[in-house]
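Good morning, and thank you for coming. I would like to take you through one protein structure, element by element. Please have the sequence and the structure in view as I speak.

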Amino acid sequence: MKLGMIGLGRMGANMAERLSLGGHEVVGYDPNADARQRLISSGVSSVDSLASLVAALPKPHILWIMVPAGAPVDETIATLVPLSEPGDTLIDGGNSYYKDSMRRAEALAKQGIHYIDAGVSGGIWGLKGGYSMMIGGDEKVIESLRPIFETLAPAPDKGWGRVGPSGAGHFVKMVHNGIEYGLMQAYAEGLALIKAKKEFALDAHQVAEIWQVGSVVRSWLLDLAADALSKNPKLEGIAPIVADSGEGRWTAFEAIENDVPAPIITLALIERIRSRDRDSFTDKMLSALRNEFGGHPITKE
């Protein structure tokens, strides 16, 4: 198959390269000239405009979008629609909000354009190990794209599948990322406790490596934790500020809306938000209250 890849950040470029290595012809586009050049350096062709990208593809056009969620997706689609024809397919492989995906699929269907929402997990490691893909949209359209998904997946019959109608792919990916928040928080807290037990002089990297094999908490995230500690045992030079890209918030909102208790995911999200407050009024208030009721000392700045 021949398809276009829009958005050549590290993950998009890696996906384009994996598809190319798997025998598909890929043409990439990114507004950043350096990103286009990096793709060319990996052996994949690139063009300098969306119009050139569409013109380089056979009909019906297949275009995979890997741009940040929100307005950038809508802007990309708005540019592509006049260049597209009925029967074309747009695949959104970013972390779009699932309700946006439902809206886009409905609007594009009126013009005869297929919209597939593909939640993609695997990060920068997917080029080598493959990507997990949770796909929403028309079953027949997804089946017609099977060779693409089989190439990107860890194995043709593993790690990917159609999970439901339009929006379902990004909904499942949203929940996946919410779970990821909780897992990451648990590993971070546990390893922090290992480091804090000074009397045993524990080596957090050694402990993480022991847990990697045979333990019930082994996972890829633990492998990454062990790798990070091997490179930087004290995590020096890393600010204690953790960003969130939206999926954890959406998961927490959905849990509330559907009356599903999700305290671990929600608290992990709150901890990320808390990490950004370097001048915490909350903590100052707690200290002041302890002093007021119990005469406990206040640590001065």
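In which helix does Phe293 lie? Phe293 belongs to helix α14, which covers residues 281-294. Please note that the model before you is a predicted one. Is Phe293 buried or exposed? Its relative accessible area is 65%, and the residue is therefore classed as exposed, the cut-off being over 50%. Phe293 also takes part in a nonpolar patch on the surface, together with Phe281, Met285 and Leu289. The accessible area of these four residues together is about 470 Å².

Let me now step back to the protein as a whole. There are 14 helices and eight strands in the secondary structure. The C-alpha trace spans about 75 × 40 × 35 Å along its principal axes. The chain has 301 residues, of which 41% count as buried. The accessible surface comes to about 16500 Å², with 59% of that belonging to carbon and sulfur atoms. As for contacts with a separation of 6 or more, 65% are between residues 24 or more positions apart.

Helix α13 covers residues 263-274, twelve in number, and its first and last C-alpha atoms are 16 Å apart, close to the 16 Å expected at 1.5 Å a residue. Which residues of α13 are buried? They are Ile265, Ala268, Leu269 and Arg272. When one looks down the axis of α13, these buried residues fall within an arc of 100°, so they line one face of the helix. As background, an α-helix has 3.6 residues a turn, so residues three or four places apart point the same way. The cover over the buried residues of α13 includes α9, residues 168-196, and α12, residues 247-257.

Is Arg104 buried or exposed? Its relative accessibility is 3%, and because buried means under 20%, Arg104 counts as buried. Leaving aside residues up to four places away in sequence, Arg104 touches Gly70, Val73, Asp74, Ile77, Asp92, Ser96 and Tyr115.

I come now to charged pairs. How many salt bridges does a search of the whole structure find? The search finds 15. In one of them, the side chains of Arg103 and Asp74 meet at 3.3 Å, N to O. This pair links distant parts of the chain, since Arg103 sits in helix α5 and Asp74 in helix α4, 29 residues apart. Arg103 is partly exposed, at 40% relative accessible area, and Asp74 is likewise partly exposed, at 29%.

A second pair is that of Arg146 and Glu150, whose closest N and O atoms are 3.1 Å apart. These two residues are separated by about one helical turn, because they are four residues apart in helix α8, residues 146-152. Arg146, at 30% relative accessibility, is partly exposed, as is Glu150, at 25%.

Finally, I would draw your attention to some details of the backbone. The peptide bond from Lys59 to Pro60 is cis, its omega being near -5°. Pro60 lies in the loop between α3 and β4. Ala201 has a phi near 50°, a positive value in a residue other than glycine. Ala201 is placed in the loop between α9 and α10, and is exposed, at 66% relative accessible area. Leu235 also has a positive phi, near 50°. Leu235 is in the loop between α11 and α12, and counts as partly exposed, at 41%.

Thank you for your attention.

Notes. Residues numbered from 1 in each chain as written. Predicted model: local features only at pLDDT ≥ 70, side-chain atom pairs only at ≥ 80, totals over all residues. Heavy atoms only, no water. Patch = residues over 30% accessible without salt bridge, like charges linked within 9 Å, V, L, I, M, F, W, Y side chains within 5 Å. Areas by Shrake-Rupley, 256 points an atom, 1.4 Å probe, with all protein chains shown as cover. Buried < 20%, exposed > 50% of the residue type's maximum accessible area, 1.4 Å probe, protein only. Expected span 1.5 Å × (residues − 1). Arc of directions from axis to C-beta. Contact = heavy atoms within 4.5 Å.
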